[in-house]
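Welcome! Let's get to know this structure together through a few questions and answers.

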Amino acid sequence: MLMTKFVCAETGVVVEKFGSCDHFIADGPKGLYVLEWLGGHDPIERETIVGNLNDYGIKMVQYPNSDSEGRIWVADLSESYESALRIIRKHCQ
């Protein structure tokens, strides 16, 4: 079982994925996050994600439900679902 190794870890939940697009939306402590999957475990909807989600850039994260790790890009911290969808549409055409 994975033990979180992140000092400043936040926990979120994958809200929505978009077919073959690598971008997805997660709900975390500061609202909605637009994330891009870069490698490792490819998360599924309703899966828990743990890592430094509160800061832009490339991050290593953990998925405790599947005992896996992955790499993501924190693309945006959005205030609403609609603004998150606008960003997703821009990247996933």
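Q: Which residues make up the largest nonpolar core?
A: This is a predicted model, so everything here is read from predicted coordinates. Strand 2, strand 3, strand 5 (57–63) and strand 6 are the elements that give two or more residues to this core. Apart from it lies another core, of 7 residues, with Ile25, Leu32, Leu85 and Ile87 among them. The largest nonpolar core itself has 11 residues: Val14, Phe24, Ala26, Tyr33, Leu35, Ile49, Leu53, Val61, Tyr63, Ile72 and Val74.

Q: Is Tyr33 buried or exposed?
A: Tyr33 sits in strand 3 (residues 31–40) and belongs to the largest nonpolar core. The cut-off for buried is under 20% relative accessible area. Tyr33 has a relative accessibility of 1%, so the residue counts as buried.

Q: How many bridges join strand 3 to strand 6?
A: Let's start with strand 2 (residues 23–28), which pairs with strand 3 in the antiparallel sense over 6 bridges. Those two strands form a hairpin with 2 residues between them, and Gly28 stands opposite Gly31. Strand 3 and strand 6 (residues 68–78) also run antiparallel, with Leu32 having Ser78 as its bridge partner. The number of bridges joining strand 3 to strand 6 is 8.

Q: Which residue's side chain makes a polar contact with the side chain of Thr48?
A: Thr48 is found in strand 4 (residues 48–51). Leaving aside neighbours within four places in sequence, Thr48 is in contact with Thr11, Gly12, Gln62, Tyr63, Pro64 and Asn65. A polar contact of 3.2 Å joins the side chain of Thr48 to that of Asn65.

Q: How many residues apart in sequence are the parts that the disulfide ties together?
A: The structure holds 1 disulfide, joining Cys21 to Cys92 with an S to S distance of 1.6 Å. Cys21 counts as buried at 13% relative accessibility, whereas Cys92 is partly exposed at 24%. Cys21 lies in the loop between strand 1 (10–17) and strand 2, and Cys92 in the segment after helix 1 (81–91), so the parts tied together are 71 residues apart in sequence.

Q: Which residue forms a salt bridge with Lys17?
A: The count of salt bridges comes to 2. In the one with Lys17, the closest N and O atoms are 2.6 Å apart. Lys17 lies in strand 1 and its partner in the loop between strand 3 and strand 4, so the pair ties together parts that are 25 residues apart in sequence. Lys17 is partly exposed at 21% relative accessibility, and the partner, partly exposed at 37%, is Asp42.

Q: Is Lys59 buried or partly exposed?
A: Lys59 forms a salt bridge with Asp55, and the closest N and O atoms are 3.5 Å apart. Asp55 is partly exposed, with a relative accessible area of 39%. Under 20% is the range for buried. At 13% relative accessibility, Lys59 therefore counts as buried.

Key. Residues are numbered from 1 along each chain as its sequence is written. This is a predicted model: local features need pLDDT of at least 70, side-chain atom pairs count only at pLDDT 80 or more; totals for chains, interfaces and linings use all residues. Side-chain values use heavy atoms; hydrogens and water are left out. Helices (H or I, at least four residues) and strands (E, at least two) are DSSP runs, numbered from the N terminus. Buried means under 20% relative accessible area, exposed over 50%, partly exposed in between (1.4 Å probe, protein chains only). Two strands pair if DSSP finds at least two bridges between them. A nonpolar core is a set of buried Ala, Val, Leu, Ile, Met, Phe, Trp, Tyr and Cys residues joined through side-chain atoms within 4.5 Å. A polar contact is a pair of N or O atoms within 3.5 Å; within protein, one must be able to donate a hydrogen and the other to accept it, and residues adjacent in sequence count only if both atoms are side-chain atoms. Contact means heavy atoms within 4.5 Å. A disulfide is a pair of cysteine sulfur atoms within 2.5 Å. A salt bridge is a side-chain nitrogen of Lys or Arg within 4 Å of a carboxyl oxygen of Asp or Glu.
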